[in-house]
Amino acid sequence: QAAAPLHPVTVQCQEAQVVVTVHRDLFGMGRLVKAVDLTLGSAACLPVSQSAAESTVTFVAGLHECGSTLQVTQDSLIYKISLSYKPTPSGNLVIIRTNPALVPIECHYPRKSNVSSSAVRPTWAPFRSTLAAEERLMFSLRLMNDDWSSDRLSNGFQLGESLHLQADVASGGHVPLRLFVDDCVATLSPERNSSPRYALIDLSGCLVDGRSDDTTSAFISPRPRQETLQFMVDAFKFAGDDRNLIYITCHLKVSPADQAPDPLNKACSFNKASSLWAPVEGTADICSCCETGNCPLYG
């Protein structure tokens with residue numbers, strides 16, 4: 001809704017920026033504040049436009065501009081910034097007639113999403129949030145050709161071949177993000193909890209399929225970008241079942257790129273030559289729980 005005396009400050013949390021509209025009747029008393037007395041964030045960013053007809057002032061800022069701060073919770077990225085009103089004398093330079101004000105502003109962005117192959121196809125689409133709202137991070141999971149240069153044109157495999165899987169997030173105007181694959185499960189139906197089911201990635205980022213004796217499944221290191229994670233899985237079929245269609249559903253999440261990987265945010269492969277788990281980035285100890293099975297998990 002438009003900013004008005006009943007709602008003097010309105011906020012739009014967009015994909016890469018925040019738009020703050022302020023009605024100059026900030027206190028709902030019919031007395032308009034001066035636009036020059038309004039600033040956004042600790043960097044005191046100035047408004048980008050004014051509307052004399054509607055008595056409004058508009059600020060537009062990138063999510064990590066103007067001195068905003070980022071808070072990372074279990075489920076969300078929260079960008080915080082404040083609108084500041086600091087009255088200056090007008091006319092009579094000795095007195096002012098309004099109080100200063102500070103309006104806290106928060107934009108919340110979900111950290112996690114489920115994506116599914118919806119059967120192994122060249123283009124993989126989100127199955128839970130196919131409605132792309134501006135405030136959502138855009139995750140994707142794709143089947144790639146052998147040199148990772150483009151989507152694979154065919155979704156058919158022979159046993160003995162490898163699936164090249166690439167997970168991405170479109171980071172937009174957010175702080176630099178690092179993508180992780182929490183878990184991936186293979187099933188014979190689109191429902192990830194159906195039976196039979198086989199875990200490819202589990203325990204918050206352990207590629208457990210690579211622990212089997214007859215596989216070379218692993219994460220690709222180094223990453224091409226922090227917001228991309230690639231991994232290979234040897235083709236397989238379910239024992240005792242003649243169906244040749246397999247669904248792979250993965251749970252993806254992000255962390256700030258400057259946050260060090262830990263047992264909850266990791267990408268670990270099993271190295272058969274050394275018989276040890278190794279991370280794509282971070283210290284080797286973050287993968288030790290892949291062997292014991294006691295990795296921390298989100299609720």
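This is a predicted model: local features need pLDDT of at least 70, side-chain atom pairs count only at pLDDT 80 or more; totals for chains, interfaces and linings use all residues.

Reader: Why does Leu-229 count as buried?

Author: Buried means under 20% relative accessible area, exposed over 50%, and partly exposed in between, with a 1.4 Å probe and protein chains only. Leu-229 has 0% relative accessibility, so Leu-229 counts as buried. Leu-229 is found in strand S15, a strand being a DSSP run of E with at least two residues, numbered from the N terminus. Between Leu-229 and Ala-167 there are 5.3 Å in space, C-alpha to C-alpha, although they are 62 residues apart in sequence.

Reader: How do you know that Trp-148 is buried?

Author: The relative accessible area of Trp-148 is 18%, so Trp-148 is buried. Trp-148 lies in the loop between strand S10 (138–144) and strand S11 (162–170). Its phi is near 65°, a positive value in a residue other than glycine. Most residues other than glycine have a negative phi.

Reader: What makes Ser-204 buried or exposed?

Author: Ser-204 has 4% relative accessibility, so Ser-204 counts as buried. Ser-204 is in the loop between S13 and S14, and its phi, near 60°, is positive in a residue other than glycine.

Reader: What makes a set of residues a nonpolar core?

Author: The members are buried Ala, Val, Leu, Ile, Met, Phe, Trp, Tyr and Cys residues joined through side-chain atoms within 4.5 Å. The largest nonpolar core has 53 residues, and Val-181 and Phe-231 touch the most other members. Domain 1 (9–110) and domain 2 (136–292) both give residues to this core, so it lies between them; the domain bounds come from an automatic or database domain assignment. A second, separate core has 10 residues, including Leu-203, Cys-206, Cys-268 and Ile-286.

Reader: How do you know that the peptide bond from Ser-195 to Pro-196 is cis?

Author: Omega is near 0° for that bond. Pro-196 is placed in the loop between strand S12 (177–187) and strand S13 (197–201). Another cis peptide bond joins Ser-221 and Pro-222, with omega about 0°.

Reader: Why is one space called a pocket and another a cavity?

Author: On a 1 Å grid over the protein atoms alone, a cavity is a set of points where a 1.4 Å probe fits but cannot get out, whereas a pocket is an open set with protein on both sides within 12 Å along at least five of seven lines. Lining residues have an atom within 4 Å of a point. Grid points are joined across faces, edges and corners, and a volume is the space filled by probe spheres set on the points. The largest pocket holds about 350 Å³ of space. Of its 15 lining residues, the closest to its centre are Asn-155, Phe-157, Phe-236, Asn-244 and Ile-246. The second largest cavity has a volume of about 70 Å³.

Note on methods
Residues are numbered from 1 along each chain as its sequence is written. Side-chain values use heavy atoms; hydrogens and water are left out. Helices (H or I, at least four residues) and strands (E, at least two) are DSSP runs, numbered from the N terminus.
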